[in-house]
Protein chains: 2
Amino acid sequence: MTLYPVVMAGGSGTRFWPLSRRARPKQFLALATRKPLVVETVARLGRLAAPGRTYVVCGPAHARGIRRLLPRLPAANVLVEPVARNTAPAIGLATLEIQARDPDAILAVLPSDHHVADVAGFQRVLRRAAEVARAGPLVTIGIRPTRPETGYGYIQLGEPIDETAYRVKAFVEKPDAPTAAHYLASGDYLWNGGIFVFTARAMRAAIDRHLPELGKVLAALESTVGTRRHAAALKRLFPRAPAVSIDYGVMEKARDIAVVPGDFGWSDVGSFAALPEVRPADAAGNVVVGEGAILVDSTGCVVVGSGRPLGVVGLREMVVVDAADAVLVVPRDRSQDVRAVVQALRTRGFRKFE
Amino acid sequence: MTLYPVVMAGGSGTRFWPLSRRARPKQFLALATRKPLVVETVARLGRLAAPGRTYVVCGPAHARGIRRLLPRLPAANVLVEPVARNTAPAIGLATLEIQARDPDAILAVLPSDHHVADVAGFQRVLRRAAEVARAGPLVTIGIRPTRPETGYGYIQLGEPIDETAYRVKAFVEKPDAPTAAHYLASGDYLWNGGIFVFTARAMRAAIDRHLPELGKVLAALESTVGTRRHAAALKRLFPRAPAVSIDYGVMEKARDIAVVPGDFGWSDVGSFAALPEVRPADAAGNVVVGEGAILVDSTGCVVVGSGRPLGVVGLREMVVVDAADAVLVVPRDRSQDVRAVVQALRTRGFRKFE
């Protein structure tokens, strides 16, 4: 059985505005290294999967950009969702396509916009998850928590399957602070990092059972895969799929779910405030990206320059982003509220800057 | 006797970087209204003096800009200092030029980069100062303090001359906070706003007495005024003048000094933090200038936009300035420290952005 990575690049978040835009979402940004996150995501696979077996799912607005960033991937491996329908239909579509090519395929679904510091560790865990998936269960990789994070969903460990894998007792929603502290202390809860490994066969069966509407869409598409009729059928049928996440639609409902814990320096790079997780800071705790920043007596700041002078004087724990055609200033602990600015741009009709 | 305003536009401060630059100092900026401060300064004179009697002193780099901003002034009324030598030589030069035209002239020296809210009140006080000056003393206008400001020099009131004028007991340096509080409470101290009124004759005599080196330069230039030899003589002789302020070089030493107190909504617009003194704030206490700013849950901020989106989220008492080709972020109470950024630009060789 062979591993087929599926990189989920359909995201269109606003938390990195003004670096991210409608036409250039987070996975296109070089936030952690000098390369875009989606490029690092594919590079991170190393020898786990050749480019010919690696797939990306994205929206129509980003397909050309993805193909340009990943020239070694066959163009046909960039699967284009006609409309965004959350992760379950995207994963269903990839499962269908890959199953038509290899009925015994094992898929590894990977977010396109996260960072991993320990690549060898990541590959080890992914390989292990594929071995577990071979026996039938849907497998998720659980990240060992390093802090009482309230921004992530958690996976509660159940009975051990072997030395490296467990049954999943429950997927749990984002906790409040005391609950998150309890999760961290107990050792029984892992972060849900959105990495899933499964046989195509098991996923199709799980979709048919828990998301029958999506199952019908996939069944109707099945005969068109690889034919000239596929594009038109996809355009017609895919929008009928329910917009639901794989977590909520399948993983939380299926019974045969396993988890392989991992500890490989993972970050979801969730906002500008998270850049210190993935970028080195200077002696004053400032993370400076790009060119032009001039920091004077500032500490704990995240500063992104665009080349022209960007004077930052006397700031504490502040995010300052110069994106050449737009600027953002926000305290680190409020950097998620950037959305309000994007909302205001929309209200004012400044579509170009969204 | 006729009043000749002399607007001092030789300043080259850095406190409004990145709006102000070497080639575009503060007096060129529209900080208080939609017009540059120097244009407002001349407009504020109203019927006190026709454009033909109004003079501006500035440096060679700014003469063309000043003439463009003040097209109604005769070009010859823009007096160009070959080099900057602080205010005493600049005032000496203006005195010389105007005296050659009108030996009985009264001059009113005015900073080019301050703001006045009550223009009628200002004109009343200036007219009164000119009447006092006619009798011979050098007259300064003292601003009634409204807060215990430690950033200004003060003028201590002496014996009254009449209902509106006093002898000056002393010019005093910028005080510390307790002293400033005492000055404010006593009612005997006024802010030195850099506005001086005097007969040309009295100023020449005061310069000859207290700044004899400058007196010699002026005497040597005197015969060239209005001739073709003037420009060359100025270039040769002016640099020999001592670089000293009129306050330190003349006013603090002369004996016959009067002060007319004034209360006309004066501000020296000393830094971005001072903009709320001269611009209306929104309900949350933010002063927003220019276009493009999007404020979300921010209070007490000074935000200058340049047209493109400038997102400001969750900030308190912060200065954010987008000058199109450079950006500044600094807490309001540290906005004077902008100088450190300009210093850093100089060190890095970014002369263009100074």
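Helices (H or I, at least four residues) and strands (E, at least two) are DSSP runs, numbered from the N terminus. This is a predicted model, in which local features need pLDDT of at least 70, side-chain atom pairs count only at pLDDT 80 or more, and totals for chains, interfaces and linings use all residues. Residues are numbered from 1 along each chain as its sequence is written, while chains are lettered from A and ligands numbered from 1 in the order in which they are written.

Start with A:Asn86. This residue lies in the loop between β3 (78-80) and α3 (87-101) of chain A. A:Asn86 counts as partly exposed because it has 18 C-beta neighbours inside 10 Å. The cut-offs are 20 or more other C-beta atoms within 10 Å for buried and 12 or fewer for exposed, with partly exposed in between; C-beta atoms are placed from the backbone.

Six strands form an open, mixed sheet in the order β12(A)-β14(A)-β16(A)-β17(A)-β15(B)-β13(B). Strands pair if DSSP finds at least two bridges between them. β12 (287-289) of chain A and β13 (293-296) of chain B stand at the edges; each has a single partner strand, so one side of each lacks a neighbour in the sheet.

Strand β17 (residues 327-331) of chain A and β15 (residues 310-313) of chain B pair in the parallel sense over three bridges. There, A:Leu328 stands opposite B:Gly311.
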